[in-house]
Amino acid sequence: MKAKESYQVGIYLRLSRDDTVSGGIKPESDSISSQRELCRAFVRGQRGMEIYDIYTDDGYSGSNFERPAFKRMMEDVRAGRVDCIVVKDLSRFGREYIEAGRLIQKTFPALNVRFIALTDRFDSLTADYNETALVLPVKNFVNDAYCRDISDKVKSHQRIKRENGEFIGAFAVYGYRKDPANRNRLVPDDYAAEVVRRIFGWRLGGVSATAIAKKLNALGILSPLEYKRARGESYACGFAAGLQAKWSAVAVKRVLTNAVYAGVLEQGKTEKVSVKVNRYCLKPREEWARVEHTHEPIVSRDEFEGVQRLMETGCRSAGGRECAHMFSGLLFCGDCGAPMARRVSRYKGREKLSFICSAQNKGRGCTRHNISERELSEAVHGCLRLQAAVLTDREKTEAHIKGMEVKFEEIGRLEREMERLAGLQEQYLSLQSGLHEDLQKGVITREDFYAFGRIYEEKYIQVKRALAGQEELIRGCLRSGAAAGRELERFKETQDLAELDRNMLVTFVRRIDLYEGRRIHVEFNIKGLKHG
């Protein structure tokens with residue numbers, strides 16, 4: 001490589017989370033400011049060198065070259081705008097020895113670009129064969145080995161924390177927040193936790209995931225992504241679509257299938273393909289770190305397991321109905337195990353509801369196992385009445401119903417959330433009104449005026465909808481309090497379970513098998529309790 005009279009220098013700086021000592025403190029010698037001053041001082045002391053730009057990747061690993069500032073520097077190199085690169089040392093340039101060696105020994109010489117690593121005392125212009133072919137690869141290999149060693153230590157530390165039931169995620173899952181006193185522990189977020197309870201309640205009542213998403217959006221309840229943003233968290237995910245993320249059936253299902261709401265912490269579900277590749281793969285379920293009773297559950301274990309059973313059996317609504325029928329997800333053919341299909345027959349203005357084996361209905365060899373909905377309801381109702389003494393134990397029932405009574409402190413929390421949202425409304429109105437003054441003073445352009453105006457208007461409408469959702473939650477609390485009193489009286493007066501409804505079935509019944517001859521077998525949710 002021939003020397004040039006002048007060089008356009010690109011100074012490259014990098015620091016990652018791996019470059020720390022115990023306690024998480026970055027060594028001052030490796031800090032971005034220290035690297036910058038060292039490289040600047042070197043360039044100022046050289047004749048014919050001029051800084052073209054400084055490229056900084058703060059918080060990026062050196063295990064690969066997928067870094068925004070590095071890519072921008074390489075674009076300037078290939079465009080001929082930079083012909084000399086200065087770094088503090090080889091490890092700042094990169095710790096992946098194969099790619100680092102290719103760039104320094106082949107790419108840069110081919111582009112007539114000079115490379116200087118100051119503390120390693122390497123200058124491609126003056127380096128001899130031994131430095132280029134022997135010393136340089138060895139140093140790059142040592143840097144690569146260091147990166148692998150750090151990665152193994154971090155993984156080991158995280159594995160220990162997961163096995164101890166400590167939460168290590170960057171953001172708490174929707175419905176929870178990190179405990180201020182212990183950032184590795186989850187505590188319920190009162191507002192979002194109530195939304196989660198409503199979602200589980202709706203699903204147990206037979207409402208489909210799609211219908212639940214529509215309910216949440218209609219109430220103006222923010223999706224998990226928007227809720228985190230509203231709380232000031234710098235949260236982003238790959239599920240958002242459009243300017244504002246809405247609730248969807250997929251988002252609802254993610255809530256319904258997450259065991260964290262039942263007090264179970266499941267972590268380590270994915271692992272990085274390689275320390276050099278920023279891609280993750282899903283691990284088998286048996287390799288997950290699963291620890292129970294790590295935090296306060298939002299829903300009971302029975303509620304969570306009931307929802308999982310409904311999800312597994314494909315319980316869904318049909319015919320445009322918002323809710324599934326009473327026996328959806330619970331009724332199966334006793335001989336082939338297929339779900340029973342619901343049929344509606346109409347004759348001379350009269351409607352008859354019945355069930356038949358879905359396998360036989362699709363021509364798969366089973367028999368019809370036909371039974372009317374009325375006969376099935378009476379038969380199941382009879383089974384429940386026979387087990388009423390077990391299923392409606394007075395002390396357990398009253399304790400459960402008392403837990404349903406409305407808590408005024410919960411309403412107080414919702415009202416405080418409304419006050420916070422009302423403050424946000426005032427803030428967005430104030431920002432909107434301030435735009436006119438900024439436009440007149442020339443602080444912002446007319447394009448910025450209209451762009452910010454639209455953003456503030458959308459945020460105002462979003463908060464307004466959230467306020468309406470809060471009001472609905474408060475009304476729901478009041479209704480549930482009154483309903484709890486009525487429910488208690490009903491259980492006291494009707495020990496024979498006079499009514500059969502969907503909630504009662506999901507609460508008490510795990511599975512109903514129907515055999516030929518209209519014989520049924522009921523498996524209850526209480527272990528060991530069955531009736532045929």
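Predicted model: local features only at pLDDT ≥ 70, side-chain atom pairs only at ≥ 80, totals over all residues.

Residues are numbered from 1 along each chain as its sequence is written, and side-chain values use heavy atoms, leaving out hydrogens and water.

Next, colour the two strands. Strand β7 covers residues 182-188 and runs antiparallel to β6, with four bridges between them. Strands pair if DSSP finds at least two bridges between them. Two residues form the link of the hairpin that joins β6 to β7.

Now select aspartate 179, which is found in β6, residues 176-179. Is aspartate 179 buried or exposed? Aspartate 179 is buried, because its relative accessible area is 15% and buried means under 20% (exposed is over 50%, partly exposed in between; 1.4 Å probe, protein chains only). Show its side chain: a polar atom there lies 3.0 Å from the backbone nitrogen of alanine 181. Beyond its neighbours within four places in sequence, aspartate 179 is in contact with Arg185 and Val187; contact means heavy atoms within 4.5 Å.

Finally, zoom out to the protein chain. Its 17 helices and 18 strands are DSSP runs numbered from the N terminus (helices: H or I, at least four residues; strands: E, at least two). Of its 532 residues, 43% count as buried.

Methods:
Polar contact = N/O pair within 3.5 Å; in protein donor to acceptor, adjacent residues only side chain to side chain.
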